[in-house]
Amino acid sequence: MLGRRLLNKTTLSILKQQTKTGSLVCSSKKCFSTTTTATKEPFKAVRIESQIDRVLGRIQEESDRAELGGGIKRIDAQHAKGKLLARERIELLLDEGSFREYDMLVTHRCQDFNVEKIPGDGVVTGHGTINGKLVFVFSQDSTVNGGSLSEAHAEKICKIMDKAMLVGAPVIGLNDSGGARIQEGIASLAGYAEVFQRNVMASGVIPQISVIMGPCAGGAVYSPAITDYIFMVKDTSYLFVTGPDVVKSVTNQEISQEGLGGAKVHTTKSGVAHLAFDNDIECLRKVREFVTLLPSNPNETAIREPFDSPSREDEVLDDIIPDDPNKPYDMKEVIERITDEGEFFEIQPDFAKNIIVGYGRMEGRTVGFVANQPKELAGCLDIDASVKAARFVRFCDCFNIPIVTLVDVPGFLPGTNQEHNGIIRHGAKLLYAYAEATVPKISIITRKAYGGAYDVMSSKHLRGDTNYSWPTGQVAVMGSKGAVEIIFRGKGDIKEQEQIYNDKFANPLPAARRGFIDDIIPPRLTRQYICEDLEMLKNKKLSNPAKKHGNIVL
Amino acid sequence: MNRLFNIQSVIKKQVGWSNSRSFHSTSPNFMFEKILIANRGEIACRVMETCQKMGIKTVAIHSDVDKNAKHVQLADEAICVGPAPTSESYLNIEAIIEAIKMTGAQAVHPGYGFLSENAKFVKELEKIGVTFIGPGSYAMHALGDKIESKRIAKEAGVSVVPGFIGEVDGIDHVIKIANDIGYPVMVKASAGGGGKGMRICRNDEDVKIGFRLSKQEAKSSFGDDRMLIEKYIEHGRHIEIQILSDGDNALYFPERECSIQRRNQKVIEEAPSSFITPEVRERMGKEAAALANKVGYKSAGTVEFLVDSERNHYFLEMNTRLQVEHPITEEITKQDLVEHMIRVAYGEKLKIKQEDLKIHGWAMESRVYAEDPYRNFLPSIGRIKKYIRPSGTGVRIDGGIFEGAEISTYYDPLISKLITYGEDRKTAITRMKRALDEYFIEGVNHNVPFLRDVMENKDFMEGDINTSFIPQEYPEGFKGYNFTPKQIQSLSIAGVLLRFIEQHKSLTNSSNSNRTSSVSPDIVYIAKVGNVSSPLQFVPSEDGSNNKFFAQFLNEEGDAIKDSDVTVELVDSTPQFMKLKIGSSIHRFQIHKKGITSFTIQYHGTKIPVTVLSPEEDSLSKYMPVKKSVDNSNSLLSPMPGTVLSFAVKPGDKVVVGQELCIVEAMKMQNVLRAPRDCEIKSITVKPGQVVAVDEVLVEFK
């Protein structure tokens, strides 16, 4: 095994030199002969040496072929597209020297159509570490049969997924595949289904991250779809169920691959993907950062040493809420003023911007933040925002990540578009997610908490652990204008009536008097309150009634 | 509420303050009890500080958008005098008089700008028996008017700039006089100040445009569009004399030099001037005092001169108020000018004598503005997201904002005045450099990069400056600091250390610390600054200290370059700052943006991205596609947020490069936007009067 690892290193560096110079020289076999000389015995020396050398030579040869993948021509083509090779990607993703490869010599078993047989069969699998955290990884090699998925290729992926579940470590899939290995027919489809089944079984057991670094089309998209997070690379990756050609023939609509399922579309319009990056290097750097934030399984707490004081006050928060209730402010700034060193890893920053979700650290502990963004759609909940936040809350609940909710929500977005597309059904997802979650739940009402949306946003009634309001909070059924119209039916002095209503409801006192909020807190101390509560709640134990599983409103 | 907010203003500015004590009553005290400060921003805060020192209660006035401003929080009471536009609030005499009555203030300090030189306001105050802390309305009227003051100055024996003494009107008249005096000439508003309403004209065409724009500006800024014209003395030095008089005898202070100007607005001032000899100083001082005595001046004031290369001085104008740059005079004379103003206004006689006003050391002031030095100093607006002020020996900041404040188009974009003091000019400059390096401002563009660059300018350091310094030294505009190879090495070290620290933090995660053999940070990185790529190896020091390293630059083969190793000590590190001792010298870095693979570092005032890659990332980065930036050359973008005043062209017009296209007004300055190339106008996308954002498309070209 030691010999193999040395060998891999050597050939890798040779490969690097070759790709630099463009020439290909056969790699040496000397590694093995030197390691074996010590075990030689003078008796029968000749026979054994030649036998083992022959075997070693063949291992060497097959390993070299596996490392080389589809050959220099295809490697150059891959690079010319601005894409890195499967192994280069793993090298960037994992800690230096930590990768342990499995199944390097696996080949496909297809007898038909003379499919080229290259050891590894288009996917590199194994485990390694990211900042010392164990992860399992597969990286599809589009230089080998276009990275297409054969039965053997699928088996390799399944093997590391099974192992990851067994030991409770995240799986990271680097996807760059042309799709099913058509030559294998139904065996390839079966392979996909095996992967899907494992994706589903692993859901909530270990974090699954899909990184789309090339094409991913047809049935193949459903594996990333089931995983927890999808990262994409701009201009070089796309995800769609049916490609531009089919779209053209069926609907007569002309559209490019990028326009149909590129990174921009999926991170702004469809919400399929969570983050998009300029290139492979930046994408993989960010995956490293992300994985370091996440717990590896539900029993692990993601924590690191704190580098910021839990009692740091921020006076700017005292003044951040504008006097005019209709004037927006940036909720992201509020989050960044609360978290450790102002760092915030936002998820889906360009989709459903009216709600912010993402991770920050509090005293070194990873915390999920959900916050209405008054800068977009006044922070209303709509279909996309509800679904985005619901999925985030459920992920946090799966992996025991505490949830901090910052509330400034004037209600659900009105309109036929919303109603006809099922805001009732989709809004219910967020309600369901919050109500079902048993992780520590802390909420802070910064301004508006109106109507049903108040209930939804981690309210006391949905088993919120600590619920606070800033002095600027307004917990009410609705804003004064609408309320006055209903209460007074347009009779009398509207200005005066609004004043009466505001004095009564447009403040946090009615909620505080009923205990729906635990306290009205000074904004500048928000960080301190959250840190203390997280410490208080760290051993929280709450479980839902025993059941097979709930029936979330899909 | 106080439990929850650290603000007193919420309570104290409630209307209906029931203090019915008459402001006419004679107080048994020997000083005013309460002063209203009819201003905002840093100067209001500055005046309040002295009031507090003297035990005088203060009243702030504010517009509704300023209700949480620093000057409001500093004051004992605050009254809202109107909405955001200055004409309806800070210039709203009626509301201010009402505020005085409501609060019972006995005197008003006007600061600078706004009503500080408004004789009508002074008369209104006289009517209700409230003291104006400034000269009487006669002196103000006589000297505040540039035409009138020139006449008086001449009579008082002060040497004046050649020009036409009188008001000019009608474009033909102006052109005629301009030709009589000889180009270049300066047209300026009689009531002007602060660079507003004045333009240098070098030919008839300039006069035509400059006269019109200055007149419009004067009208909107001062409500007075009378204009005058005089000879423009090129390469002159702007040197001014602070005077102080109790009405009987005027004292003169050592001079201030304010030659570093852009668009006739002072940027860097110093006291004393490196150019002035004791003889000239005395001559200028005596003339200035004579002028003050001539009009029976009673307060602090400033006589501005232009000094040519032969050290001849010419009277420009007299400002009958406290000047923006007064702190440098205070620093070198150890006097509190605001206190003197208040005492004189109360009727006290000056206790200091001319011989008390000696020069002690050297002071320098940088005006820190919210503006973009890379885009011709155009104003920048926005929210100050992060604001960390420098401090330490010899550093004074007169500021009026704090973190979270909004810089709006309504008011002057001055963030603060940064003043440094030392025993000599060199020390003042050294301290200014350090202070600028420790000044962290995020959220708006600001001129710190420019100020910092000037501090290292050779001519500036030698004191060889004049009013054309900026156009001469930056003919193409300011492009940022030019880093030397040595400084790029320091930047590389800083960048690598930042990534090293970041990785060190990441590696403290519980999974890694629970490993039997935990992963340790990488030590070889490649730093890229501009097109310079430096492989760098970081070795923790042998003595086991956590903040000491050994940095070695490597060659392409990965071997250490001989004699390239240097010791690096992490002296201080916060999310915003990193202070390193590299070799034996201290370097200060500001960290402004963490990108995925880069850090934007501010060093020597200029921000520059430093990309830090691992050797693997570096060797593979050659395959990464280069993303193209969007080409906008087919349109004219608004370079700043503001209001479009007018268009000089219409769709279909063919224009040549440099031709006026439209005027955008921002911060009361009218900015002419010109054609970037010869082209045909395709369409005009906004209407006059429309408020536009920065980079909004104004005109499209074919």
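Predicted model: local features only at pLDDT ≥ 70, side-chain atom pairs only at ≥ 80, totals over all residues.
## Chain A and its two domains

Let us start with the overall layout of chain A. It is divided into domain 1, residues 58–293, and domain 2, residues 315–537. Taken over C-alpha atoms, the centres of domain 1 and domain 2 of chain A are separated by 38 Å. Where the two domains of chain A touch, domain 1 contributes 10 residues and domain 2 contributes 13 residues.

Which helices of chain A each supply at least two residues of the side of domain 1 that touches domain 2? They are helix 11 (263–269) and helix 12 (280–293) of chain A. Helix 12 of chain A gives the largest share of that side of domain 1, with three residues.

For residues 312–547 of chain A, an unreviewed UniProt entry lists "domain: CoA carboxyltransferase C-terminal". Over residues 312–547, chain A is 37% helix and 19% strand. The end C-alpha atoms of that stretch of chain A are 43 Å apart.

## Where chain A meets chain B

Now for the contact between the chains. It takes 33 residues from chain B and 39 residues from chain A. On the side of chain B that touches chain A, helix 17 (485–506), helix 18 (510–513) and helix 19 (615–620) of chain B each supply at least two residues. The residues on this side of chain B divide into 12 nonpolar, 12 polar and nine charged.

Next, follow strand 10 of chain B, residues 237–246. Why can strand 10 of chain B be called largely enclosed by the rest of the structure? Nine of its 10 residues are buried, so the rest of the structure largely encloses strand 10 of chain B.

| Partner of strand 10 (chain B) | Bridges | Direction | Facing residues |
|---|---|---|---|
| Strand 14 (298–307), chain B | 10 | antiparallel | Ile241(B) and Val303(B) |
| Strand 12 (256–262), chain B | two | antiparallel | Glu240(B) and Arg256(B) |

## An open sheet in chain B

Elsewhere in chain B there is an open sheet of four strands, in the order 33-40-38-35, with antiparallel pairing. Strand 33 (635–637) and strand 35 (654–655) of chain B stand at the edges, and each has a single partner strand, so one side of each is left without a neighbour in the sheet. For strand 35 of chain B, two bridges make an antiparallel pairing with strand 38 (residues 679–684) of chain B. Here Val655(B) stands opposite Cys679(B) in strand 38 of chain B.

To finish, here are some places to look at closely. As background, most residues other than glycine have a negative phi, and most peptide bonds are trans.

One runs from Tyr183(B) to Pro184(B), with omega near -5°. Pro184(B) sits in the loop between helix 8 (171–181) and strand 7 (185–193) of chain B. Another cis peptide bond joins Ala271(B) and Pro272(B), with omega about -5°. Pro272(B) lies in the loop between strand 13 (265–271) and helix 10 (278–294) of chain B.

Asn114(A) has a phi near 50°, and its place is in the loop between strand 1 (100–102) and strand 2 (123–130) of chain A. Is Asn114(A) buried or exposed? Asn114(A) counts as exposed because it has 8 C-beta neighbours inside 10 Å. Asp235(A) has a positive phi of about 70° and is found in the loop between strand 7 (229–233) and strand 8 (238–240) of chain A. With 17 C-beta neighbours inside 10 Å, Asp235(A) counts as partly exposed.

Note on methods: Residues numbered from 1 in each chain as written. Chains lettered and ligands numbered in written order. UniProt positions renumbered as here; feature names shortened; annotations may be inferred. Buried ≥ 20, exposed ≤ 12 C-beta atoms within 10 Å, placed from the backbone. Pairing = 2+ DSSP bridges. Domains from an automatic or database assignment. Contact = placed C-beta atoms within 7 Å. Nonpolar A, V, L, I, M, F, W, Y, C, P; charged D, E, K, R; others polar.
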